[in-house]
Amino acid sequence: MAEIFYDDDADLSLIQSKRVAIIGYGSQGHAHALNLRDSGVEVVVGLREGSSSIEKAQEQGLEVKSVGDAVKDADVVMILAPDQSQRTIWANDIEPNLKDDAAIFFAHGFNIHFGYIKPAAGHDICMVAPKGPGHTVRRQYEEGRGVPVLACVEQDASGKAFDLALSYAKGIGGTRAGAIKTTFREETETDLFGEQAVLCGGVSQLITYGFETLTEAGYQPEMAYFEVCHEMKLIVDLINEGGLTKQRWSCSDTAEYGDYISGPRVVTPDVKENMKGVLADIQSGAFAKRFIDDQDAGAPEFKKLRAEHAEAPIEKTGQEIRKMFSWNTGVDADYHEGQAQR
């Protein structure tokens, strides 16, 4: 059984006695910085010169400095930049300015586990990883609740690294919901596998194949979209609330029966064997190397795949259907704004 820690297990005063530098101000960065500040922690945000996030962070009352200057006086440095950017920021801006005994925090173990960042022996290396998007982490905190977090230590130089990790988790509201003790290896490998085989890659491919099967059989694209994509959220919400059993209990007997007899015809044992291959590539570091090598080359494979999938027929159908929803007048606005900034 996993070890789970709650508010009573964490001493908030530990992180309140530290100066914390948050590197990055994206989805997770803004949530960590604001939640820690509201928990009585001294916070500084480290951003590159010219970052579009500088004004936003300042408007929200946070102190903003360059990454190097933010790190110089920090007792705890939380690195929340994208995985592919972290090692460069580390080498150029963080490591040269780091205090000898500063603790280094991450919200994902990618760069530590695969050896792209190798801090010196005198530093605590910790992880506090919320299991939810940053905007949810912030909203739940403001509402007096929290998002569960994963917490672990890779290097315990101080002898009290896990206590500090729990204190940080409490500062962002994580111990209100529960902090699950794990390891950098377990978090990294299970996170990558879940994203690729099920949550992102698996679900996306399943939806796409379902849409193509129906439209190739002559059914209207709009009908296909509703049946294999739009209703997915309704099903996943039920699973989230009460597991697969509640989802099956909530749907019709016809749907439940079809679940039992047809699901295994679509997702066959071969799929599980393919999943094992995906996991093997993650465990060996082959996926990490392919991703980083592509990013270092300017991301040609990544950009090609992104463009191809954005042009898929299901995406065009979905954009038109979402415009139909009277409550959704700003349909896809955030997505299109993000695309324009890329």
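Ala299 is buried, with a relative accessible area of 5%, where buried denotes a relative accessible area under 20%, exposed over 50% and partly exposed the range in between, computed with a 1.4 Å probe on protein chains only. The structure is a predicted model, in which local features need pLDDT of at least 70 and side-chain atom pairs count only at pLDDT 80 or more, whereas totals for chains, interfaces and linings use all residues. Residues are numbered from 1 along each chain as its sequence is written, and side-chain values use heavy atoms, with hydrogens and water left out.

Ala299 occupies the loop between helix H16 (286-296) and helix H17 (300-310), helices being DSSP runs of H or I with at least four residues, and strands runs of E with at least two, numbered from the N terminus. The phi of Ala299 is positive, near 60 degrees, in a residue other than glycine. Most residues other than glycine have a negative phi. A positive phi, near 90 degrees, is also found at Gly285, which follows H15. For helix H15 itself (residues 269-284), the 16 residues should span 22 Å at 1.5 Å a residue, and the end C-alpha atoms are 23 Å apart, which agrees; the expected span is taken as 1.5 Å times one less than the number of residues.

Two buried polar residues lie within helices. Thr188, in helix H10 (residues 184-199), has a relative accessible area of 0% and is buried. A polar atom of the Thr188 side chain lies 3.4 Å from the backbone oxygen of Gly109. With residues up to four places away in sequence not counted, Thr188 touches His108, Gly109, Phe110, His113 and Phe114, contact meaning heavy atoms within 4.5 Å. Asn35, in helix H2 (residues 27-38), is likewise buried, with a relative accessible area of 0%, and, neighbours within four places in sequence left aside, is in contact with Val137, Arg138, Tyr141, Gly171 and Ile172.

By contrast, Lys323, located in the loop between helix H18 (313-322) and helix H19 (333-341), is exposed, with a relative accessible area of 53%. The C-alpha atom of Lys323 is separated by 37 Å from that of Asn274, the two residues being 49 apart along the chain.

A search of the whole structure finds zero disulfides, a disulfide being a pair of cysteine sulfur atoms within 2.5 Å. For Cys200, the nearest cysteine sulfur is that of Cys229, 14 Å away, and for Cys229 the nearest is that of Cys200. Cys200 is partly exposed, with a relative accessible area of 44%, and Cys229 is partly exposed at 22%.

Key:
A polar contact is a pair of N or O atoms within 3.5 Å; within protein, one must be able to donate a hydrogen and the other to accept it, and residues adjacent in sequence count only if both atoms are side-chain atoms.
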